[in-house]
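Okay everyone, thanks for coming.

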Protein chains: 2
Amino acid sequence: MELPTLADNVGFLLSRTSGLTARTANAALAEYGLRVRQYSVLYLAVDAPDGLSQRELAGVLGLDPSQVVLLVDELAAAGLVERRPSPTDRRTRLVVATATGRQVRGRAARDANSQVRHRLRALSDSEQDTLRDLLARVVRSADADST
Amino acid sequence: MELPTLADNVGFLLSRTSGLTARTANAALAEYGLRVRQYSVLYLAVDAPDGLSQRELAGVLGLDPSQVVLLVDELAAAGLVERRPSPTDRRTRLVVATATGRQVRGRAARDANSQVRHRLRALSDSEQDTLRDLLARVVRSADADST
DNA sequence: TATTGTTATACTCTATAACTATA
DNA sequence: TATAGTTATAGAGTATAACAATA
């Protein structure tokens, strides 16, 4: 069995590309006082009209629930989300975006998306779509494994 | 402009997929006392018959040269690589794999590749090739930018 | 003057364990 | 007995700045 060169190693390429896009996104988000991890929590909160539990956030983001606590703390301190008691389970606290949070995420998302698309400009639009679909299938299969 | 859901965001998917494959690779490499960063340095050293300068390693890996120093320190302490003076430039130290390093990287690479392929098994072989090619083009374009 | 390797430092991210309150 | 949230801690990864030796 012949070994490929490191430059042809999918894991290595994923790490490099992920690092590139994360740096790009963080640079775009700095204007809003956000980094990608906080931004991803805000993003999900905005898209969930009734909010999400921190457990749900951890699941979607692939993070440990203990990490989500700190991210929500920071977003709450910045006034972008708030924690509300769940009407059905007193253990659960729902993370809900504030009006400010919704505005910030809208502007931040457009800036970040634009910068990341530019970072990926070596790929055509349809190639970026292909990349997204391939990655999404890997993530879904991993999520299915851990269920 | 309509915002996509986070699950359709290429940056987010890259981060998740990179994390998944890095964890998988680290688990496979633990048997050899390696982690992906150290492994990637060893990998390049093995493939360069006359060794590489730490500056070259940093360039290929997308790391800061100061980080490469520590990775080479660890590999040298484990007897997998050694630093040799460059015959042409007394500032430069060439990182060269030892015989042990070559053996270890061969076995480690086969284990890690096998595990990562399994982690990506939602994609067919040809889809994994497509993914690799798309990512490689992004990395090359970024490398060209910083030149 | 510029480049190679190095040391140092601070910050972010990741991984785990343990605890509380509720279910 | 299990689950949601939380606190704490340690280790790994990332980002910069500054310095000595050499080009």
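Predicted model: local features only at pLDDT ≥ 70, side-chain atom pairs only at ≥ 80, totals over all residues.

**A sheet, a helix and an interface**

Let's start in chain B, where an open sheet of three strands has the order β1-β3-β2, with antiparallel pairing. In general, strands of a sheet pair through backbone hydrogen bonds, either parallel or antiparallel.

Which strands are at the edges? They're β1 (52-53) and β2 (81-85) of chain B, and each pairs on one side only. β1(B) is joined by two bridges to β3 (residues 93-97) of chain B, and that pair runs antiparallel.

Residues are numbered from 1 along each chain as its sequence is written, chains are lettered from A and ligands numbered from 1 in the order in which they are written, and side-chain values use heavy atoms, with hydrogens and water left out.

Back to chain B: helix α4 (residues 65-77) lies across β2 and β3, running at about 115° to β2(B). Contact here means heavy atoms within 4.5 Å, and axes are lines fitted to C-alpha atoms, for helices over the stretch in contact, with angles from 0 to 180 degrees between N-to-C directions.

Now, where do the two chains meet? Chain B and chain A each put 51 residues into the contact. Together they bury about 4900 Å², 66% of it on carbon and sulfur atoms; that's the accessible area (1.4 Å probe) that two parts lose on being put together, summed over both. L3(B), L6(B) and R16(B) supply 12% of the area chain B buries against chain A, more than any other three residues.

How many salt bridges are there between chain B and chain A? Eight, where a salt bridge is a side-chain nitrogen of Lys or Arg within 4 Å of a carboxyl oxygen of Asp or Glu. One of them links the side chains of E127(A) and R137(B), at 2.9 Å, N to O. On the side of chain B that touches chain A, α6(B) gives the most, with 15 residues.

Last, chain A has six helices and three strands, running α-α-β-α-α-β-β-α-α from the N terminus.

Definitions and conventions: Pairing = 2+ DSSP bridges. Helix = DSSP H or I, 4+ residues; strand = E, 2+ residues; numbered from the N terminus.
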